[in-house]
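Subject: Structure for you to look at

Hello,

Here is the structure I said I would pass on. Please open it first, then read the notes below.

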Amino acid sequence: MLRLILVLLSLLLIACCSGPRPDASLFPEAAGPWTLKQTAAVAPDQVPEPIRRLGIWRAGDASYEGAGTLKVRVYEMTSSAAAFEAEQTWRAIADTVVCHKERFFTVVHWENADRAAVTVFVREMEQRSGL
């Protein structure tokens, strides 16, 4: 009986301490007029130091094509507070918008697209993927 309790407690501890599911996609297949073309995991050494300091589980890059071209990077942070801090301290870059939702911090860079279309993309991405 004691052995059963220890096994159950061990399984519970493992389940509570595990990180994000590796098969959970960071990117929707389509959002607004854009279609996902390519995704890739981002190596930890490619994550900017200020973001790494805040704590990340994983990061990914994606390319979308449609009404222009979008390059999207999503950081799954260790907490929603870290994602909020990342958004607050991010330096502005031309043709780039950042946002956070819960523990996800997202950077969207566009080429040959108007900002209204990018806004539609960001809103749909938030709704579909929980980002």
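Tyr75 is buried, and so is Phe105; buried means under 20% relative accessible area, exposed over 50%, and partly exposed in between, with a 1.4 Å probe and protein chains only. This is a predicted model, in which local features need pLDDT of at least 70 and side-chain atom pairs count only at pLDDT 80 or more, while totals for chains, interfaces and linings use all residues. Residues are numbered from 1 along each chain as its sequence is written, and side-chain values use heavy atoms, with hydrogens and water left out.

Aromatic pairs

The structure holds four aromatic pairs. Rings of Phe, Tyr and Trp (its six-membered ring) pair if their centres lie within 6.5 Å; planes under 30 degrees apart count as stacked, over 60 as edge-to-face, and the rest as tilted. The rings of Tyr75 and Phe105 are stacked, because their centres are 5.9 Å apart and their planes are at 15°. This pair links distant parts of the chain, with Tyr75 in strand S4 and Phe105 in strand S6, 30 residues apart. Helices (H or I, at least four residues) and strands (E, at least two) are DSSP runs, numbered from the N terminus. Elsewhere, one aromatic cluster is formed by Trp34, Tyr64 and Phe121.

The sheet

Six strands make an open sheet in the order S1-S2-S3-S4-S6-S5, with antiparallel pairing. Two strands pair if DSSP finds at least two bridges between them. At the edges are S1 (30-31) and S5 (96-101), each of which pairs on one side only. S4 (residues 68-77) and S6 (residues 104-111) run antiparallel and are joined by eight bridges. Leu70 stands opposite Trp110 in S6.

Thr96 lies in S5. Is Thr96 buried or exposed? Thr96 is buried, because its relative accessible area is 16%. Leaving out residues up to four places away in sequence, Thr96 touches Val107, Val108, His109 and Trp110; contact means heavy atoms within 4.5 Å.

Helix H3

In H3, the residues Ala82, Ala83 and Ala86 are buried. They are on the same side of H3 because they cover an arc of only 100° around the axis, the arc being that of the directions from the helix axis to the C-beta atoms. On the other side of H3, Ala81 and Gln88 are exposed. The buried residues of H3 are covered by elements including helix H2 (49-54), S4, S5 and S6.

Regards
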